[in-house]
Amino acid sequence: MTVLLSIILFTALGGVLSVLAAAVFLLLPEHKQKHVLPHGISFAIGALLTGAFCGLIPHAFEEVPVEDMSNLSATILAGILLFFVLEKLLVWRHCHSHACEAHGEESHEDHHHEHGHTHSIQAAGHRPAGMFIILGDSIHNFVDGVLIGAAFLTDVQLGIVTSLAVAAHEIPQEVGDFAILLHSGYKRGEALFYNVLASLSTVVGGVLAYFSLGDLHHILPYFLTLAASSFIYIAVADLIPSLHQKTDIKTSLQQIGFILAGVVLILVMQGIAHQFEGKIDGDRVEQTGIV
């Protein structure tokens, strides 16, 4: 089996299997999904923020010289502002096709989904957060594909191990993604379809890494920070306000607990991934003699 074929096979399997493992959530009865969904939203907040601040951003800053760090910071800021503008445009478009508060026609049927930072829209529509999570996940998966491709170019066995580590790291993230898409008005089949579609960007990243790894290395940190800005915006602007709809002590403690669960699980998965990255770097030094 050639290296290119191995990259295509394992990037596809890793991305799709992580989505299908998380899709077990969809097998739950609908009444149980409604009970589990708020916990999934809390979990997603912890996972998204931890992935951004403890994974994507630090890794991006490690890849650039000191004089370019301000550019990465500017990319994070620009990304957050960009997602704000995109959400505004999507909400504006909804308000011209559906009843919304901006036109004095509040939809009481969807009042329980109302967020503090935007207008309520009818439940039949998809919330902007769903589109943003698909976009951010696609970018993140693309970067994972680049990293898997780099591992395969070093050693096929290390590429296989790395693809499995990435899949394990993505499973808790995909659980949160499903919760966000369902929370945003997507049907179960739609949520599965779009998550599988986003996972295929891992294949694109792996193939591009194989053909032009040198060129991609320079823009990789900017892809990382753009993905981070997407995750930050979704968690802070869309998901956290929804948790304030219930303020009783029991619910609040449950929310905090599931947020911390998301934080801890992502940190554990990142620790495992870093161990594999260290093995890759060590083997590369042994093969090339370059530190």
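Which residues does UniProt list for "transmembrane region" in this unreviewed entry?

A: The model is predicted: local features need pLDDT of at least 70, side-chain atom pairs count only at pLDDT 80 or more, and totals for chains, interfaces and linings use all residues. Numbering runs from 1 along each chain as its sequence is written, and side-chain values use heavy atoms, with hydrogens and water left out.

The unreviewed UniProt entry lists residues 6-28, 40-60, 72-91, 192-213, 219-240 and 252-273 as "transmembrane region". UniProt positions follow the numbering used here, feature names are shortened, and annotations may be inferred rather than shown by experiment.

Two of these spans can be described in the model. Residues 40-60 are 100% helix and 0% strand, with end C-alpha atoms 28 Å apart. Residues 192-213 are 95% helix and 0% strand, and their end C-alpha atoms lie 31 Å apart. Helices (H or I, at least four residues) and strands (E, at least two) are DSSP runs, numbered from the N terminus.

The wider setting comes next. The protein has eight helices and zero strands. Along the sequence the pattern reads α-α-α-α-α-α-α-α. Of its 291 residues, 46% count as buried. Buried means under 20% relative accessible area, exposed means over 50%, and partly exposed falls in between (1.4 Å probe, protein chains only). Take contacts between residues at least 6 apart in sequence: 81% join residues at least 24 apart. A contact means heavy atoms within 4.5 Å.

Now to helix α6. The axes of α1 (residues 3-22) and α6 (residues 188-199) come within 8 Å and cross at roughly 155°. That makes the two helices roughly antiparallel. Axes are lines fitted to C-alpha atoms, for helices over the stretch in contact, and angles run from 0 to 180 degrees between N-to-C directions. Under 35 degrees counts as roughly parallel, over 145 as roughly antiparallel, 65 to 115 as roughly perpendicular, and the rest as oblique. On the α1 side, Gly15, Val16, Val19 and Leu20 make the contact. Leu192, Asn195, Val196 and Ser199 meet them from α6.

Aromatic rings come next. The whole structure holds five aromatic pairs. Tyr186 and Tyr194 have ring centres 5.7 Å apart and planes at 80°, so they pair edge-to-face. Phe193 and Tyr194 are also edge-to-face, with centres 5.3 Å apart and planes at 70°. Rings of Phe, Tyr and Trp (its six-membered ring) pair if their centres lie within 6.5 Å; planes under 30 degrees apart are stacked, over 60 edge-to-face, the rest tilted. Tyr186 is buried at 9% relative accessible area. Tyr194, at 29%, is partly exposed.

Glu170 lies in α5 (residues 156-183) and is buried at 2% relative accessible area. Beyond its neighbours within four places in sequence, Glu170 contacts Ser18, Asp137, His140, Asn141 and Asp144. Ala21 is 149 residues from Glu170 in sequence and 9.8 Å away in space, C-alpha to C-alpha.
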